[in-house]
Amino acid sequence: MSAPGPAAPPSGSAIPAAAAQPRGRLFRKYVLSFIGVVSLVLLASGLLDGWFSYRETRTTLALVQDSKAEAAAQRIEQFIAEIERQIGWTTHAQWAAGTVDQRRFDYVRLLRQVPAITELVQIDATGKEQLKVSRLAMDVVGSGADLSAEARFVEAKQRRVWYGPVYFRKESEPYMTIAVAHGGRAAGVTAAEVNLKLIWDVVTSIRLGQRGYAYVVDREGRLIAHPDISLVLRNTDLARSAQVVAARDAVENRFAEAQAIVVPGFDGRSVFSAHATIPQLGWIVFVESPIQEALAPLYATMWRTAGLLLAGLAIAALGGIFFARRMLAPVRALTAGAARLGVGDLGHRIDVRTGDEIQSLADSFNEMAGQLQQSYAGLEQKVADRTRELQESLEQQTATSDVLRVISASPGALAPVFDQMLESATRICAARFGIVFRYGTDGFRVEAMRNVPPAYAEVLRSSPPYFRNVAPDSAFGRMLARIEPVHVEDLRVGQAYADRMPIRTDLVDLGQARTFLAVPLVKDGKLIGAFALYRDEVKGFTPKQIELVAGFSDQAVIAMENVRLFDEVQARTRELAQSVEELRALGEVGQAVNSTLDAARVLDTIITKAVEISGTEAGVIYGYSTRHQAFRMRASAGGTPELTEAIRQQKLNMQTPLGDAARTREPVQITDLTAVPDTPVVRMLLAAGYRSLLIVPLIGRERVIGALVMRRKQTGLFPSRTVDLIKTLAAQSVGAIQNARLFGEIEEKSRQLELASQHKSQFLANMSHELRTPLNAVLGYAELMADGIYGDLSDKAQGVLARIQTNGKHLLGLINDVLDLSKIEAGQFTLANEPYSVGAVVQAVIAATESLASNKAIRLGAEIEPDLPPGQGDERRLTQVFLNIVGNAIKFTDQGEVVIAARGDGETFEIAVRDTGPGIAPENQAKIFGEFQQVDDSSTRKKGGTGLGLAISKKIVEMHGGTISVESELGKGSIFRVRIPMRAAPVKEAAQ
């Protein structure tokens, strides 16, 4: 007899339906588990077999490709060796002894026999070229070109056979040089230029599968042979490719085993790559095959393994079905019984007798059914209670979600947030109305209301004074003192209502409230407001409702903080945007100041930007004229053309507000134009609608140079930020005005200096010419008198005449030097650009100064490096330079020698003049190259001189693109060094 329970289901359809759902699951689990175990074994076996097959296949491919690469390397080596052998018969001693025609005939025959050879050169034992036969150029016989320093001669003599590096002729075809030493005592060398493009026949004959190929790189990693000849002709560099780097590592580490690596091919697809080296050439031969083709046998094996795996899975599925059917009979009985218990038939018992865990499980179900029959009586009430609790929780979560959504949707507004909070709180807590209060220095004030009775709402809107000073024993007083929720179950009970306190009586009588709950809004431990709910019946709020209102209060604090932060961010964003705009404007003004010296353009830019970013309507920049004692308009923006022209006609002196700003050197603000003395300008501005002015003086280094005036159509002070900005723009205006003034002064001074320099150069040129003509006549007549044309002269007269000639020649040299210097400064001094010989220049200088050295018994010598190449420049002017230097050396040297040494380094000539004279002090060495500069000592005064020779020499050397310097020590002589390019490109400006 079973305990009372729910009624049996009206029909039997529910139990089979419930049992049908899980019946197939356990069956599938057994079948799939069986299949899984078998599949795992088969899959592991297949993977291991595939892995080992892959390793074996890759090793086999490595061996095959390595052997192919070795075979290709041997064929290429044989190709080069055959060329070497063909060249070898031209190196016998008796062959070199033949006639030139015979040797030339043999070379031509060799070119016909060996198509790869494009040029043959015979070099004799001294390194001179005797014969050259070429397919690409004219044959040359007995040129005698010196090839003794070239590697093909030196290396062949040392090694007998030398293989040169690969080079690309015309940046396309690969070539190399093979040089073979001749036999015999005075052996020469035969050098052959070999076209390596013919190696293409060797690499194209190498096949590996259908798409395998071979190619060759030289020791630098450049491609020299490939089936695709276009890659070779493009001079392809493979030095950084993975296969070349790996091959070089293998050569350096001397790997013994075949090394096949997977690398990107020329078309970007992966290939297997193996290599072999040609040691004597340093070349590397690569054999590569596409990975898809190379691993095709492995892929076939994998497909067979996959077929076996599918067959095994089919067998496993059949076995799983068979065993699962045998195992699931008691499980199905258990499932059917559980289904009946699940639909409420708690009197049913499951009958399973298997003697294993399934029977134990059936007994547990039967025991559970009995316990459920006993506890079912109170279950419905528990479910109802739990359902109600879940419904309340769901409503609270939904309300919280709605509030959060409103907070996120209204980051800058509190009204919709508080309205949503009050709506949700009053609805969920069954309150009559709700209020949100904000607390500050003036007490509590209403922030938001919901469903407040109109009479009480009117009292709240009237801002009654009782919200400012709340009593300590009142509800708000207790909340303020303890900062915790306040709950009053009956507002009519208590001393406050009995004493007829307005706060309590208005709330009860006008608001019809009986139960009150207020939760504080707290931020950083301080009270900032309250969240209050009111009921019109005596019914206390539950702890869950108080907890819910506390959650709303926390959200209200977050919303208030969000609004504050949002307002701060907005304000800060506006400030930053304004700052960015100001900086951009200042940058544009600075760019205008730096990019042009046109003051009008710069001032227009400044005043335009000032009006744009200061929020004013118009602006003017005035310049102050000290001569006229008045301000003059320089630039304007924002005003009408008529007003601008009218103000331009007005004379503004120091008795105006502009003058006040100029005297105080501080900004002046006119907050209301109607309050200042009446003037024509003020009347014009008032008529145009302007009401206030900001005047900022433009202050220069020593005086006020103008003013910047901003006009606005509203009264009041200008913001300090605007004043600072206008002061910055005023400073830039000062810079623009001063820059324009200074630039004008500089231009005027430059014109004056240029004119003075022209006059000086013309004067020197004219005077030098006018002085030189009569002086030449004087020297001519003196020479005629010395020769006795006008009769014999006494010894005394001869001495006087000799002094006249000496001083006249000195004066003529001075005039010539001054004329040269004036030409240089006037830019009329030009150089010839012709071939010259350094040796000829030195010999000319020695010939011209030899008599001076002989008179003083000084040795004058030259040390010229042999085989100096010819130079390009002005030979006459360079001779003038060294005549000056050598003449000075002889003049100041009393005993010893003066030596001229010349050498070259391939790009530059260095000519040094060395003497054994008294030397030059260090402090005077920099001065001697200046115009009209001499070392001020007794020897200089005694020897004489113009002080222009070295200055002119320095300018001539610099015009050749060279340098001149001196090394000297007192008592040990001096060395003047001149360095000039062998191919000088004369620069006229260098002398200016």
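Which residue forms a salt bridge with D536? The partner is R432, and the closest N and O atoms are 3.8 Å apart. A salt bridge here is a side-chain nitrogen of Lys or Arg within 4 Å of a carboxyl oxygen of Asp or Glu. This is a predicted model: local features need pLDDT of at least 70, side-chain atom pairs count only at pLDDT 80 or more, and totals for chains, interfaces and linings use all residues. Residues are numbered from 1 along each chain as its sequence is written, and side-chain values use heavy atoms, with hydrogens and water left out.

**The whole chain**

- The protein chain has 29 helices and 29 strands. Both are DSSP runs, numbered from the N terminus: helices are H or I with at least four residues, strands are E with at least two.
- Of the 992 residues in the protein chain, 41% are buried. Buried means under 20% relative accessible area, exposed means over 50%, and partly exposed is in between (1.4 Å probe, protein chains only).
- The chain exposes about 53,700 Å², and carbon and sulfur atoms supply 54% of that area. Accessible areas come from the Shrake-Rupley method with a 1.4 Å probe; for residues, only the protein chains shown count as cover.
- Take the contacts between residues at least 6 apart in sequence: 62% of them join residues at least 24 apart. Contact means heavy atoms within 4.5 Å.

**Salt bridges**

- The structure holds 28 salt bridges.
- D536 lies in the loop between β17 (526-535) and α18 (543-595), and R432 in the loop between α13 (415-428) and β13 (433-440), so their pair ties together parts that are 104 residues apart in sequence.
- D536 is partly exposed, at 43% relative accessibility. R432 is partly exposed at 35%.
- R104 pairs with D139, with the closest N and O atoms 3.2 Å apart. R104 sits in helix α3 (residues 100-113), while D139 is in the loop between β2 (129-134) and β3 (140-141), 35 residues apart.
- R104 counts as partly exposed at 33% relative accessibility. D139 counts as partly exposed at 27%.
- D490 forms a salt bridge with R514, with the closest N and O atoms 3.1 Å apart.
- D490 is buried, with a relative accessible area of 18%.
- Salt bridges with shared partners join R903, E910, E967, R977 and R979 into one network.

- In soluble globular proteins, nonpolar side chains tend to be buried together.
- The largest nonpolar core has 42 residues, and I117 and W283 touch the most other members. Helix α1 (residues 14-88) gives the most to this core, with 8 residues.
- A nonpolar core is a set of buried Ala, Val, Leu, Ile, Met, Phe, Trp, Tyr and Cys residues joined through side-chain atoms within 4.5 Å.
- Leaving aside neighbours within four places in sequence, I117 is in contact with I83, I87, L110, L111, R135, A192, E193 and V194.
- Another core lies apart from the largest one; it has 36 residues, among them V881, A889, A902 and I964.

**Helix α22**

- V681, V682 and L685 are buried in helix α22 (residues 680-687).
- Seen down the axis of α22, its buried residues fall within an arc of 100°, so they line one face of the helix. The arc is that of the directions from the helix axis to the C-beta atoms.
- The cover over these buried residues includes α20 (641-648), β21 (692-699) and β22 (704-712).
- G689 follows α22 and has a positive phi, near 95°.

- V470 is in the loop between α14 (454-461) and α15 (475-482). V470 counts as buried, because its relative accessibility is 19%.
- Leaving aside neighbours within four places in sequence, V470 is in contact with F444, F476, G477 and L480.
- V470 and I503 are 33 residues apart in sequence and 8.9 Å apart in space, C-alpha to C-alpha.
- Y790 is in the loop between α23 (720-786) and α24 (795-826). Y790 is exposed, with a relative accessible area of 53%.
- L784, M785, I789 and Y790 form a nonpolar patch on the surface, with about 390 Å² of accessible area together.
- Patches are made of residues with over 30% relative accessible area and no salt bridge: like charges are joined within 9 Å, nonpolar side chains (Val, Leu, Ile, Met, Phe, Trp, Tyr) within 5 Å.
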